[in-house]
Amino acid sequence: MLISNLPGVYIPNIIALILLAVLFLGNMGRMAYEKNVALLNRLILFIAISCISDSAAYVVDGINEPVFIFLNHLSNIILYISNLLAGYCWLKFWTSHVRLPMQASRKKIFKALVIFVGAAVVINSFFPFIYSIKDGVYSRMPFYWLYPAVFLIFMCETVYIYVVAKKKRAILELFPLYILIIPIVAGVLIQSFIYGVSVVGVSAAICIAGIMTSFKNELIYTDRLTGLYNRYYLELLQRKINKNKDMFLTGVMADLNGFKSINDLYGHNVGDEALIEAAGLFVKAVGDDGVVTRYAGDEFVIFLNTVEEEKIDDIIGKIEKEFEDSNMRGERPYTLSASLGFAVLNLKNITANEFMNMIDMKMYENKVKHYTKDKFTD
């Protein structure tokens, strides 16, 4: 069995393990996307275990000795369960990356599904219905298709999460799901319909390589200090907006008040902490209603996916309240506030560049009012 299955099983699994090792080593030490990287490394581990157990199962397959039959069962149990855990880990990775928490009820369903199907493969060793090992030879049984079906359920849920999240986060265009999901789905279908060919490990490794490439694409458009989208992403968004003349959205220009004084009095490290905190306050206030970018220095640009005056006022109010609540906690020797200028974009009347100038002027007018008020109060 070792020689006859060399081209279809061992070579693909060896290639997959080498590629997974390279991806894992290349992923070590990265501080960005910490939670996502941890999930990705766990996914790599489960896929590697799957490749090893798949090869091990083929090594002992066809040997009609009790110890080898036991090892055949053990290898297949590990193979099936590691594939299940890899699918569930993939789902957790996506919910984490798109920042769209899975509903508690759905999470319970998927956990129960993993436990139920995992238990089924263990029971199968005593009462075969998924696969059988007769005279030392492995063969599939009708309920084998339960596993590809569960995998496809995970993939369908991934697509659902992606579609929902993409409506709220345009940055996902830099993380094209179809490029990532096609290799793994193709690999599972090929291996399911053509017995004796192991391509799931290689296709999964290709998928992970695509994820890491997409991570790097996102990093290009991410501000390293605050974790917000940066000016490059803003320019990308502007080009997209310019192509769609019927797009209506609201732009908000925000500039921190007294930021230079914070730098002068407390140093640039404290100034950086102020920028990070302000970024967090903007993101918390805006939530899923828009995209927050760091424009330059202490300036931020927010695009809201609404043009309703009441909704805009509500979000602006949330931003102001977040800053007020932060100051009330008194955890720092300075106060944070922001001057805001906003307007609804209509590309039929002005260009995206003219619009940026407009909200910048409105922000400046608000800043003048802020300092005039402070001077009058003093």
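Helices (H or I, at least four residues) and strands (E, at least two) are taken here as DSSP runs, numbered from the N terminus, and the expected span of a helix is 1.5 Å times one less than its number of residues. The model is predicted, so local features need pLDDT of at least 70 and side-chain atom pairs count only at pLDDT 80 or more, whereas totals for chains, interfaces and linings use all residues. Residues are numbered from 1 along each chain as its sequence is written, and side-chain values use heavy atoms, with hydrogens and water left out.

The protein chain holds 12 helices and six strands. Of its 378 residues, 48% are buried, where buried means under 20% relative accessible area, exposed over 50%, and partly exposed in between (1.4 Å probe, protein chains only). The accessible surface, computed by the Shrake-Rupley method with a 1.4 Å probe and, for residues, with only the protein chains shown as cover, comes to about 19700 Å² for the protein chain, and 64% of that belongs to carbon and sulfur atoms. With contact meaning heavy atoms within 4.5 Å, residues 24 or more positions apart account for 72% of the contacts in the protein chain that have a separation of 6 or more.

Helix H6 (residues 177–193) has 17 residues, and its first and last C-alpha atoms are 24 Å apart, close to the 24 Å expected at 1.5 Å a residue. Leu177, Leu180, Ile181, Pro183, Ile184, Gly187, Val188, Gln191 and Ser192 are the buried residues in H6. Seen down the axis of H6, these buried residues fall within an arc of 160°, so they line one face of the helix; the arc is that of the directions from the helix axis to the C-beta atoms. On the face of H6 turned away from the buried side are the exposed residues Tyr178, Ile182 and Phe193. Ser192, which lies in helix H6, counts as buried at 4% relative accessibility, and, leaving aside residues up to four places away in sequence, Ser192 touches Arg140, Tyr144, Trp145 and Pro148.

Pro148 is also among the buried residues of H5, which include Tyr147, Phe151, Phe154 and Tyr162. The 21 residues of H5 should span 30 Å at 1.5 Å a residue, and the end C-alpha atoms of H5 are 30 Å apart, which agrees. The cover over the buried residues of H5 includes H3, helix H4 (104–124) and H6.

Rolling a probe the size of a water molecule over the atoms shows where empty space is left. On a 1 Å grid over the protein atoms alone, a cavity is a set of points where a 1.4 Å probe fits but cannot get out, a pocket is an open set with protein on both sides within 12 Å along at least five of seven lines, and lining residues have an atom within 4 Å of a point. Grid points are joined across faces, edges and corners, and a volume is the space filled by probe spheres set on the points.

By this rule there are two cavities of 30 Å³ or more. The largest cavity has a volume of about 660 Å³, and of the 36 residues that line it, Ser50, Leu79, Asn83, Gln191 and Val200 lie nearest its centre. H3 gives the largest share of that lining, nine residues. The second largest pocket holds about 460 Å³ of space.
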